[in-house]
Amino acid sequence: MTAVVDTPTHKIAPGAALAALEAGDFSGPILLQSLLLRDEQQERLFALARQRREACFPARKVEVRSVIEVSNVCRQRCNYCSIGAKADRHAYTIRYEDFLELADHLYEKGRRVLLIQSGENAAQEFVDHVARCVAGLTERHPDMVQILCIGNLDPEQYRQLKQAGADRYIMKFETSNAALYERWKPRDTLANRLACLESLLDLGYQVGSGNMIGLPGQSVEDLVSDLQLLGRYPLAMASCTVFIPGEESNYRDEPMGDLDLTVNLLALIRILFPDRLIPTTSSLEKAQRGGQYRGLMAGANTVTIHDGTPDRLKHLFPIYSSRRFAPPDEHIAAIVKKAHLTFAPGALR
Ligand code: 5AD
C-alpha cells in the first residue's frame, strides 16, 4: 500500500509529490510530503536534485573551503552550542601575524576560498582586528575569496569588513519560527537576525543563510517555512545542518536531529534554488558515517576542510561538540571522488 500523509488540505502520494516537484509545484503540502520521502522515493528526490545541480554547475565541481576559527569569544549563549557554555573555557583570538601565516600556508596548499569564523563579538576592537586580517590577506592574495561567519554586527561594521576585502558572509537564520529562535538563542531575536541579513545584502555581500534540523520544539511544518524563508532573499549560499547535541551545551540531553529529514531538505534547497552554493557539512558525518557523502548525493556542492585553525586551538572551538569531529582531507577527497565530482580550483561563483 502506498503511504499517504495527512496534511490539513491535501492527501498526496509520494510519487505525486515527486512529479509535482519536477513540474515546479513548490507549494507547502508538496514540500512537506517531499521531506518525508524515504527509500526508493528518496533516491529519486536526490536524483532530481543532482539533475538540477548539473544544470547550473555542468562542470561537476565542488568548491573547497578552508576555515580559520579566529576567536572563540562569544556574547551569545545559544542552547545548542558549546562555545559559550563553559565559563572557564580559555578565550583565544588568533593574532594578526599568526592569521596571515596560517592563510599563507593555506594559499600555498592551493586553497582559494577561506572561511573566517568566530564567536559573536561586536566590540569595535575585535571587528577592527578582523578587518585588519581581511585587509592583510586581500593585499597578499587578492584572488583568495574571503567568507565571514562572525555573527550579528552593526551595518557600519559590515561596511568596514566589506571595504577591507570580505566577499561573502554567512548569516544563518537557524529557524523561521520566531518563538523557537528565541528559545534556542535566548539573547537574540529572529527580527534582529533578519535585519542583519538584509543589511549584508544591501551592502553587496554574497550572502548565505539556512537552518538547523531537529532542535527541540521544531516540527516538519517549521522546515517547510524555513524553505520558504530561504526563497525570500537573493542568497548566493544556503545551508542546513543536522542538530548535534554537544555534550557541554544546554541541549546535551536532547535527541540528535534526523539525518533523512536533513538530506531531504538539502535536496529541496537544490531543487528550489538550483544555482546556490550548498555545503555538505561535517554535522552530517558526525550524525552518521557516510552522512557527508549523502549530502553530496543530495545536491551539495561545497565542502569545508578544517585545516586552518591550529590543532592546539581546535578543541577551544567546540562548534557541534567538544569531541570534535573534523573529517580529514582524505575523507573529503574520497567522498568527492565517489560522488563523481572534482575539486574546483577556486570559488564556484
Ligand atoms: N548542531 C547542528 N548545527 C549547529 N550549528 C551550531 N551548533 C550546532 C549544533 N549543535 C550551526 C548553526 C550555526 C553554524 C555555524 O553551525 O547553524 O549558524
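These legends go with close-up views of a predicted model, taking in the ligand site and an aromatic pair.

**View 1. The shell around the ligand.**

View 2. Lys172 brings a side-chain N or O atom to 2.8 Å from a ligand oxygen. Thr241 also uses its side chain, with an N or O atom 2.9 Å from a ligand nitrogen. With Tyr80 it's the backbone that takes part: one of its polar atoms there is 3.1 Å from a nitrogen of the ligand. On its own the ligand would expose 410 Å², and the protein buries 91% of that.

View 3. The ligand takes up the largest cavity.

**View 4. An edge-to-face pair, Tyr169 and Tyr205.** The model has 3 aromatic pairs. In the one shown here, the ring centres of Tyr169 and Tyr205 are 5.7 Å apart and the planes meet at 85 degrees; that angle is over 60, so the pair counts as edge-to-face. Tyr169 belongs to strand β6 (residues 168-170), while Tyr205 is in the loop between α8 (190-202) and β7 (206-213). The two are 36 residues apart, and their pairing links distant parts of the chain.

Key. Residues are numbered from 1 along each chain as its sequence is written. This is a predicted model: local features need pLDDT of at least 70, side-chain atom pairs count only at pLDDT 80 or more; totals for chains, interfaces and linings use all residues. Side-chain values use heavy atoms; hydrogens and water are left out. A polar contact is a pair of N or O atoms within 3.5 Å; within protein, one must be able to donate a hydrogen and the other to accept it, and residues adjacent in sequence count only if both atoms are side-chain atoms. Accessible areas come from the Shrake-Rupley method with a 1.4 Å probe; for residues, only the protein chains shown count as cover. On a 1 Å grid over the protein atoms alone, a cavity is a set of points where a 1.4 Å probe fits but cannot get out, and a pocket is an open set with protein on both sides within 12 Å along at least five of seven lines; lining residues have an atom within 4 Å of a point. A molecule sits in a cavity or pocket if more than half of its atoms lie within 2 Å of its grid points. Rings of Phe, Tyr and Trp (its six-membered ring) pair if their centres lie within 6.5 Å; planes under 30 degrees apart count as stacked, over 60 as edge-to-face and the rest as tilted. Helices (H or I, at least four residues) and strands (E, at least two) are DSSP runs, numbered from the N terminus.
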